[in-house]
Structure formats: structure tokens, C-alpha cells
Amino acid sequence: MDLTQLTDGNVAANGAYVTRAAPGFEILSSIRADTLLASSPKNVLLSDHDGTMEPSSFYMLRYHRDRMLHAAEDLGWTDTRDTIAGPSGLGLLRQVLHSYFVSESGRHGPPKPLKLRVTIDFTGYISITSTPLPPLHPSSLFPLLLSSLPASIGQALPPQSWRVTIYPISVSPSLFTRHKTTERSVYNEARSFILKRLPDADRADSLLNEVLVVNQDDEVMEGSITTPYFWRGGRWVTPPAAAGGHTGTTRRYALEAGLCVEENVMRDSIEPGEPIWLSNGARGWGWGVVEMQE
């Protein structure tokens, strides 16, 4: 593929410009681009495509590719699948991201962390846009463990990152909740419902706002932009895939690293003021406190 055709964040996998996806949506993943990740052995391992273990500035890139590939397979998008499948597909995605990141970094002086919004349509056409991200300590990206509750270990948690509420309207699981795509109306509605009820001062402060979505059986599916982790039975648990939510990249890391286990979390088991961990593929790990909305 001729990477000189990477223009305005867009590239056709077959080297030609193509029309937008006929289905009206695209597969989506949000990836942290950060030069500090290139020195992380864990990130090298989770981004390698050909066994050479080259440094990578893209957070858990292989996990992002795997998730997008799984979505393409479930959707029956064979051209998309063929574009990103295997070592060559991961290598192609890495090349495209690298070209974009270098181009964007050159415009703004020393490289700064970016959130890369990567979409791919049913023809294999990849688009990238970006927004700035704050710097993070490596421990927020690859935690060795998730601290227990303060009461159980007699020490304080790190500074709170998130304000968490629960969407009161049940959500029906679908392909669009199981896979991350640009069709995010369920999540946008949940966030809008909650955010418009927050006082102006709360919307303007430094805490990030998150909304937990729940299925018709009152099981927590996920957060609107994060994977949540709850302290249950002396360990951290995250909702199972069967509840209907995304199988996120940081969630996969947490399960494979033994930081948590899968377990259903019921809406009525969540307490006001309960601290929970959250993770996301651009911001890593942080913790929040659950607030109940009237």
C-alpha cells in the first residue's frame, strides 16, 4: 500500500480512494498514542505483529486490532476482515497509525499523547482523527494489581478520576453494544440523560463523568466509555460478555493479567458512594465513586 495516499487522516487499504460505508456505520476503536509507551516492554509485547518486538507508541494495539477484527467477522465484512487479519493486517494498521501520529506530532512541536479515533468501513477503508490526552504514569496504563477498598487495607486510593452514575433506562443488548462502532446512539442517549441533570459546577470540574448501562435483567453491561470493576467477595469483578457489553481492550488485559474475574453485577447491588475502578483504551485505569441520581 502507498502510504502517501494517507490524506486528512484517511487511507484506502487497497491504495485507492473509495466511497463511505453503505451500512451507515463503521467499526471504531479509540487508541492512545504516546511516545512513552515505546519504552514499555508490556506494550511492545501487546503491539508486536511479526516477532521482531519493535517499540510501539500505540497502547495495546494488538488487542485493538483483535477487537475490530472480531467485529468485522460478526458483521460479515469480509474485505475489512482481510485488511486487518493476521500479522500483515496488524502491521498495516501499525504503519497507518504511525504515519498519522508522526504527521500530527510534527505540527505541534514535541510529541504529546493523543487519542486516535480509528474507524474502518465495510470496504477496509481506514480513517483517523485525534484529540489531545493528558500524560499518564505507566502504572495507570499497566497496573500490576487493582488496590482493594480503603476500608479493607487501611489506606487511601489514588486521587479520584471519575464521577459515576447509573442510566435508569434498561438497554437491549445488540451487535452495537457487543461491538464498538460509530452507531453509539444508546451510549450517547445515556450520557446525555445523565449529564444534563448535573449542576453546571459538576460538569465543569476536573472529574470525568461516566454512566453505567444496565440490561433488561438489571445486570450491569458496561460503562458508556469504560469497563467497570466492582469489589465483590474479596476480589474485583467485571460484567461478563454475556451481559451484552463490549469486550474492551483494557478489560481483556485485566482478565488475562488476573486483575479481575467475570461475574454478573446487579443494579441493586451497587451502593451510593461505592468506589469502583474503570478502564479505557485511551485513558488507562482510574477510579470513581458511584452517585445515585434521583
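**Close-up 1. The buried residues of helix α7 in this predicted model.** Within α7, which spans residues 185–195, the buried residues are Tyr187, Ala190, Arg191 and Ile194. Looking down the axis of α7, you will find these buried residues within an arc of 95 degrees, so they line one face of the helix. Their packing partners are β5 (162–166), α6 (175–178), β6 (208–214) and β7 (220–223).

**Close-up 2. Ser174 in the loop between β5 and α6.** Here we turn to a single residue and its surroundings. Ser174 sits in the loop that lies between β5 and α6.

**Close-up 3. Helix α2 packing with helix α9.** Helix α2 covers residues 61–75 and helix α9 covers residues 249–256. The two pack at an angle of about 115 degrees, and their axes are 9 Å apart. α2 and α9 are therefore roughly perpendicular to each other, and their crossing is right-handed.

**Close-up 4. The residues that meet where α2 contacts α9.** From α2 come Arg62, Tyr63, His64, Asp66 and Arg67. On the α9 side they meet Thr249, Arg252, Tyr253 and Glu256. Sorted by class, this contact of α2 with α9 holds five charged, two polar and two nonpolar residues.

Note on methods. Residues numbered from 1 in each chain as written. Predicted model: local features only at pLDDT ≥ 70, side-chain atom pairs only at ≥ 80, totals over all residues. Heavy atoms only, no water. Axes fitted to C-alpha atoms, helices over the stretch in contact; angles between N-to-C directions. Helix = DSSP H or I, 4+ residues; strand = E, 2+ residues; numbered from the N terminus. Parallel < 35°, antiparallel > 145°, perpendicular 65-115°, else oblique. Left-handed = near helix turned anticlockwise from the far one by under 90°. Contact = heavy atoms within 4.5 Å. Nonpolar A, V, L, I, M, F, W, Y, C, P; charged D, E, K, R; others polar. Buried < 20%, exposed > 50% of the residue type's maximum accessible area, 1.4 Å probe, protein only. Arc of directions from axis to C-beta.
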